[in-house]
Amino acid sequence: MYLKDFEIRWSDVDANRHMANSAYLNFMSHTRMAFLLELGFDQKSMAIHNLGPVVFHEHMYYYREAFLGKPVKVSLELMGLSEDGMFFEFHHDFYDDKGVNFAHCEVMGAWIDLKTRSLTPLENNFLEAFNKVPRAAGFKVLTREDTRKFGRRPKELV
């Protein structure tokens, strides 16, 4: 399990004086990018390969409140990866300074080619890095169908 430490800042709280929804998303995004940096997915290497991560959905579960000035640990576990590395699923848990889990999130996404703006598999060096990451309990090899498991489609206004 990968862990990243944070402290809840003034800008992370909402009108109810607890951690805002947007702060959860920002902490998770920062945790994912720190994790990817450690795997060798830095800005330079991703730019060379025109590679960028995109999120399809994030499902949040809030268990308890978190407040200003409190330390937070955000975990990341690799729950799924397609054989070609195109699709990924991460789970994040939020812990207070006593190790109490106060929120959980399931994130599914993919990699896109930033020139063509289309989904793309990982090149071998990136895929090899991901294949060295420990798999969480319940890890699954993902398929395109897994990314559509909720059956949501856009509803156009036209």
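Predicted model: local features only at pLDDT ≥ 70, side-chain atom pairs only at ≥ 80, totals over all residues.

Trainee: How much space lies in the largest cavity?

Mentor: The lining of this cavity is made up of H57, H59, E89, E106, V107, M108, K149 and F150. Sorted by class, that lining has three nonpolar, two polar and three charged residues. The space that lies in the largest cavity comes to about 40 Å³.

Trainee: Which element gives the most to the lining of the largest cavity?

Mentor: Two elements give two or more residues to the lining of the largest cavity, namely β2 (51–62) and β5 (101–113). The element that gives the most, with three residues, is β5.

Trainee: Is H18 buried or exposed?

Mentor: H18 is placed in the loop that runs between β1 (2–7) and α1 (21–39). Its relative accessible area is 19%, and the cut-off for the buried class is under 20%. Because 19% falls under that cut-off, H18 is classed as buried.

Trainee: With which residue does the side chain of H18 make a polar contact of 2.7 Å?

Mentor: Leaving aside residues up to four places away in sequence, H18 touches D12, V13, E65, A66 and F67. Within that set, the residue whose side chain is joined to that of H18 by a polar contact of 2.7 Å is E65.

Technical notes. Residues numbered from 1 in each chain as written. Heavy atoms only, no water. Helix = DSSP H or I, 4+ residues; strand = E, 2+ residues; numbered from the N terminus. Buried < 20%, exposed > 50% of the residue type's maximum accessible area, 1.4 Å probe, protein only. Polar contact = N/O pair within 3.5 Å; in protein donor to acceptor, adjacent residues only side chain to side chain. Contact = heavy atoms within 4.5 Å. 1 Å grid on protein atoms, 1.4 Å probe; cavity = no way out; pocket = protein on both sides within 12 Å on 5 of 7 lines; lining within 4 Å. Points joined across faces, edges and corners; volume = space filled by probe spheres on them. Nonpolar A, V, L, I, M, F, W, Y, C, P; charged D, E, K, R; others polar.
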